[in-house]
Amino acid sequence: MRALRLLTVSAMLAACGLAVLVSPAGAWPQGARAAATVVETYPRPADSSYSLSGRGFGHGRGMSQYGAYGAALQGLTRNQILSFYYPGTTRSTAIGNPTVRVRLTALGSSQTQVVAQPRLVVSDGKRTGSLYVRNADGTLRQRWRIVPEGGGLTLQWLEKGTWRSTSSWRGVTTALSLSDPGLGKVRVVMPDGTQRDYRRTVRSIPWGSGVMTLSVVPMHYYLQSVVPSEMPPSWSAVALEAQAVAARTYAARQTAHQKAGTPYDTCDSTTCQVYRGLAGYTASGALVPYEHSRTTAAVAATSGIGLYDGGVVALTEFGSSNGGRTVASSLPYQVSKADPYDAIPAGSTSRWTTSLPVSRIERAYPATATFKALRIDKRDGLDAWGGRIVSLTVIGSAGSRTVTGDAFRA
């Protein structure tokens, strides 16, 4: 394998990818450590695989999650951790516990299917109907679904393997909400057939030619699912509290910056923050909790707290690790500085090695045809190896493709 060094920075725990390539071990171009504009070219390796050494995992802006844990291990308080990663911001309880509308991208856009419950009801905001209903033969209707029809929504039930449409809930052009006042949760059937519980209300709205499904919950219930999905519950309580504040502020920021008329505030994936609801069920019916007592305690301990910059909710991005240096942006509280905490915890992604087959590059950039070389055109000049890549060029037999370091990482 041809050896390269690279630098990456942090996104979410679930995010993946390489961020910045640096030069082959023992083959530094003249002056590469000092100049961000030195061009470095790395020909196709003889065994068709690069050996990579890297730092960090993701985009590197805001809080490093491993860094927050490392700082907690060093004795820093929650507020000290937040001040380190979001310098100049102020704390306030003004966020409170608002309702959050979470777009459930995991459900797709073809339907919203749920399991019947004793007090399950459907509502369009003006009228409400019970969905604990029996068929003509006396059997209970076990499954319900909301599907797009004629630019609106239609409620259907499953009977003897056939989906049948209701007459009173057909062609609804507004939202349809499903809830169970007794259980306080709705069991949704996922596209792969497994099931998942979401607290409070599951809402369906017409969206183009399909249906968009939302989980509508108070902020604290939303965070009770997000925090353990973004940070291991076994970590220090101080780190978990820092994560809870960052996640609450991030959600509030997204809510505040949605375009007028947008039916949701945030989403359930790494594009926003990972949100899986209350619990899941395997194909065999085994319960998989998505909340944890330690992270729920962290949410409660930071109730309503968010970070602000000049009275405006801050953009509290965070990620797995930053490789030992945070990344700056145009925001005053996103600065580039050394992070002494990122590499402290065992298992940190602050330092890592892996291999990159040439075949993977060829699949990512098929228009360049047979891969010939990687050329690093510009770095940011900060920290080890000349810094993170700003731009690079993939050179192939049919042409070249110049992309940003972030694009190549992704």
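Some ground rules come before the details. The model is predicted, and local features need pLDDT of at least 70, side-chain atom pairs count only at pLDDT 80 or more, while totals for chains, interfaces and linings use all residues. Residues are numbered from 1 along each chain as its sequence is written, and side-chain values use heavy atoms, with hydrogens and water left out.

I start with the nonpolar cores. A nonpolar core is a set of buried Ala, Val, Leu, Ile, Met, Phe, Trp, Tyr and Cys residues joined through side-chain atoms within 4.5 Å. Buried means under 20% relative accessible area, exposed means over 50%, and partly exposed is in between, with a 1.4 Å probe and protein chains only. The largest core has 40 residues, and the members that touch the most others are V188, Y198, Y222 and Y275. Several elements each supply at least two residues of this core, including β7 (99-103), β15 (185-189), α3 (219-230) and α4 (237-256). Helices (H or I, at least four residues) and strands (E, at least two) are DSSP runs, numbered from the N terminus. Which helix gives the largest share of the core? That is α3, with 6 residues.

Now V188 in particular. Contact here means heavy atoms within 4.5 Å. Apart from its neighbours within four places in sequence, V188 is in contact with L107, Q113, V114, T194, Q195, R196, Y198 and V202. There is also a second, separate core of 28 residues, with Y66, A68, Y69 and L82 among them.

Next, empty space. Rolling a probe the size of a water molecule over the atoms shows where empty space is left. On a 1 Å grid over the protein atoms alone, a cavity is a set of points where a 1.4 Å probe fits but cannot get out, and lining residues have an atom within 4 Å of a point. How many cavities of 30 Å³ or more are there? The count is 1. The largest cavity holds about 40 Å³ of space. Its lining residues are G62, F84, Y85, P87, T326, V327, Y333, Q334, V335 and K337. By class, 6 of these are nonpolar, 3 polar and 1 charged.

On to single residues. W169 sits in the loop between β13 (162-165) and β14. Is W169 buried or exposed? W169 counts as buried because its relative accessibility is 8%. Leaving out residues up to four places away in sequence, W169 touches V122, S123, D124, R127, T128, G129, L153, T154, L155 and L176. The side chains of W169 and S168 are joined by a polar contact of 3.5 Å. A polar contact is a pair of N or O atoms within 3.5 Å, one able to donate a hydrogen and the other to accept it.

Q254 is in helix α4. At 18% relative accessibility, Q254 is buried too. Its side chain makes a polar contact of 2.4 Å with the side chain of T266. Beyond four places in sequence, Q254 touches D265, T266 and C272.

Last, two backbone angles. Phi of A369 is near 65 degrees, a positive value in a residue other than glycine. A369 lies in the loop between α6 (358-364) and β26 (371-379), and is partly exposed at 30%. Phi of D383 is near 70 degrees, also positive. D383 belongs to the loop between β26 and β27 (389-396), and at 39% D383 is partly exposed.

How values were computed. 1 Å grid on protein atoms, 1.4 Å probe; cavity = no way out; pocket = protein on both sides within 12 Å on 5 of 7 lines; lining within 4 Å. Points joined across faces, edges and corners; volume = space filled by probe spheres on them. Nonpolar A, V, L, I, M, F, W, Y, C, P; charged D, E, K, R; others polar.
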